[in-house]
Amino acid sequence: MTAEGAPLRRTPARPGGAERYLGVPGLVETKEEHGEVTLIVDAPRLLEACRYLRDDMGFWFLSDISATDYLGWGEKEVAGYIGTASGRDINTLSSQGYARKPEPKPKRFAMNYHLLALREGAPRVRVQVWLDDSEQVDSVVPVWPTADWHEREAWDLMGIPVAGHPNLTRILMEDDWVGHPLRKDYPIGGEPVRFSGDE
């Protein structure tokens, strides 16, 4: 219920949602939630899928690439809820209810490619590939040149190798930096701070 006492209304699914994407090459699974369609694609067919989405479906704009590390996912119970534009579902388990184990992930890393079709009413689409440690993914720079720096960031901070990238070098960390600091197994420590008076 809203503050005025009116019942909350759920946002209806967009017409032609996930089923519109059944022709995407290498498609493993589709999900539609949080106002976005997620297309899980087999990693070796990523380039083929991206070209199809750009050329046949009009997704000319790659807005972001994000890498996620799911090391240890599902080993502990969690509590919480996901907020949406229409509020939260008070009938699902949350921090006030019983904790639950999250669904297992297929592999440790996910590379997420966020796409937009610049036309009225076009949904947001996320292309997702799953990778194990040291498993490489093909560069999508030939499809969307703006992927250049995004892929370098995924390499620099997560250590995900991107095959065929024109200049796969660090982008944020120093060239001689050891490791990839956004991995969950990256050692959290540090160097002792040297103060100017301690000479």
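User: In which sense do strand 3 and strand 4 pair, and over how many bridges?
Analyst: This is a predicted model, and the pairing is read from its coordinates. Asp64 stands opposite His114 in strand 4. Strand 3 and strand 4 are paired in the antiparallel sense, and the number of bridges is eight.

User: Which helix packs on the sheet touching strand 3 and strand 4, and what angle does its direction make with that of strand 3?
Analyst: The helix that touches both strand 3 and strand 4 is helix 2, residues 147-158, which packs on the sheet. The direction of helix 2 and that of strand 3 make an angle of about 5 degrees.

User: What is the order of the strands in the open sheet, and which strands stand at the edges?
Analyst: The open sheet has five strands with mixed pairing, in the order 1-2-5-4-3. Strand 1 and strand 3 (61-69) each have a single partner strand, so one side of each is left without a neighbour in the sheet. From one strand to the next, the twist averages 20 degrees. The strands at the edges are therefore strand 1 and strand 3.

User: How many bridges join strand 2 to strand 5, and how many does strand 2 form with strand 1?
Analyst: Strand 2 runs parallel to strand 5, where Gln128 is the bridge partner of Ile40. With strand 1 (residues 27-33), strand 2 pairs in the antiparallel sense, and Glu36 is the bridge partner of Glu33. The counts are five bridges between strand 2 and strand 5, and six between strand 1 and strand 2.

User: Which residue in the turn of the hairpin formed by strand 1 and strand 2 has a positive phi?
Analyst: Two residues lie between strand 1 and strand 2 in this hairpin. The residue in the turn with a positive phi, of about 60 degrees, is His34.

User: How many of the residues of strand 2 are buried?
Analyst: From strand 2, Glu36, Thr38 and Ile40 point one way, while Val37, Leu39 and Val41 point the other way, and all are buried. Strand 2 is accordingly described as mostly covered, and the count of its buried residues is six of six.

User: Why are the buried residues of helix 1 on the same side, and which strands do they pack against?
Analyst: In helix 1 (residues 46-55), the buried residues are Leu46, Leu47, Ala49, Cys50, Leu53 and Arg54. They cover an arc of only 160 degrees around the axis, which puts them on the same side of helix 1. An α-helix has 3.6 residues a turn, so residues three or four places apart point the same way. The strands that the buried residues of helix 1 pack against are strand 2 (36-41), strand 4 (109-116), strand 5 (124-131) and strand 6 (137-138).

User: What is the relative accessibility of Lys31?
Analyst: Lys31 lies in strand 1 and, not counting residues up to four places away in sequence, touches Glu36, Val37, Thr38 and Ile40. Lys31 counts as partly exposed because its relative accessibility is 34%.

User: What separates the C-alpha atoms of Leu116 and Phe61?
Analyst: Leu116 is found in strand 4 and counts as buried because its relative accessibility is 18%, under the 20% cut-off. Among the residues that Leu116 touches, not counting those up to four places away in sequence, are Trp60, Phe61 and Arg124. Leu116 and Phe61 are 55 residues apart along the chain, and their C-alpha atoms are separated by 5.2 Å.

User: Over which residues is the pLDDT below 50?
Analyst: The chain averages a pLDDT of 84, with 77% of the residues scoring at least 70. Where pLDDT is low, the predicted coordinates should not be read in detail. The stretch with a pLDDT below 50, which has 13 contacts in the model beyond near neighbours in sequence, is residues 1-16.

Notes: Residues numbered from 1 in each chain as written. Predicted model: local features only at pLDDT ≥ 70, side-chain atom pairs only at ≥ 80, totals over all residues. Heavy atoms only, no water. Buried < 20%, exposed > 50% of the residue type's maximum accessible area, 1.4 Å probe, protein only. Helix = DSSP H or I, 4+ residues; strand = E, 2+ residues; numbered from the N terminus. Arc of directions from axis to C-beta. Contact = heavy atoms within 4.5 Å. Pairing = 2+ DSSP bridges. Axes fitted to C-alpha atoms, helices over the stretch in contact; angles between N-to-C directions. pLDDT = per-residue confidence, 0-100.
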